[in-house]
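I opened the notebook to write down what I looked up, in the order in which I looked.

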Amino acid sequence: MTEQTSQKWVRGMKSPNPRGRPKGIIDKRQRINQSLVSAGDEIAQIVVNRALEGDMQAAALILARISAPLKARADMVRFELDGQRPLGEQAQQIMDAVSKGDIDPETGKGLIACVQTISGIHAVAELEQRLIRLEEAQK
């Protein structure tokens, strides 16, 4: 072995195999994938049979693949939110509704995130208008 090949390879180092991997060589992942693909139907049938025999893990695996997972949905909420007030005050109105128990904290968090997003949109729009005015003033 040469000195270079006995060392651990690091980025930027001359390759110990300059011609690269020979064509047609199948690596470990490809071999595993090929065997799974060729045995896929048999494996699926075994899992189905086990589920039908009462194996709850097999049943859970099958159900997870054939039906979408349930997602939590918040209930509709109603509370006073004055959309004409500044965004900071709207966020405070949301916090007040959370503290009174009118809305749950998770819904409050989502609503404040919406207010924050709207705030960012307003900021970008304001900067855009300022830039337009500056460009027009320079003409």
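The entries below go from the whole chain to single residues.

**Ground rules.** I am reading a predicted model, in which local features need pLDDT of at least 70 and side-chain atom pairs count only at pLDDT 80 or more, while totals for chains, interfaces and linings use all residues. Residues are numbered from 1 along each chain as its sequence is written, and side-chain values use heavy atoms, with hydrogens and water left out.

**Overall form.** I looked up the secondary structure and found 5 helices and 0 strands in the protein chain. Helices here are DSSP runs of H or I with at least four residues, strands are runs of E with at least two, and numbering starts at the N terminus. Next I checked the radius of gyration: the protein chain has 30 Å, whereas a compact globule of 139 residues would have one near 14 Å. That radius is taken over C-alpha atoms, and the globule rule is 2.2 Å times the number of residues to the power 0.38. The C-alpha atoms fill a box of roughly 70 × 65 × 30 Å along the principal axes.

**Burial and core.** I noted that buried residues make up 11% of the 139 residues. Buried means under 20% relative accessible area, exposed over 50%, and partly exposed in between, with a 1.4 Å probe and protein chains only. Which residues form the largest nonpolar core? I found Ala91, Ile94, Ala97, Ile103 and Val115. Helix 4 (residues 87–100) supplies the largest share of this core, 3 residues. Such a core is a set of buried Ala, Val, Leu, Ile, Met, Phe, Trp, Tyr and Cys residues joined through side-chain atoms within 4.5 Å. I then followed Ile103: leaving aside neighbours within four places in sequence, its contacts include Val77, Phe79 and Leu111. Contact means heavy atoms within 4.5 Å.

**Salt bridges.** How many salt bridges does a search of the whole structure find? I counted 3, each being a side-chain nitrogen of Lys or Arg within 4 Å of a carboxyl oxygen of Asp or Glu.

- Asp27 pairs with Arg29, with the closest N and O atoms 3.8 Å apart; Arg29 counts as exposed because its relative accessibility is 64%.
- Glu89 meets Arg85 at 2.8 Å, N to O. Glu89 is partly exposed at 37% relative accessibility, and Arg85 is partly exposed at 36%.
- Glu126 pairs with Arg130, with the closest N and O atoms 3.7 Å apart. Both lie in helix 5 (residues 105–138), 4 residues apart, about one turn of the helix.
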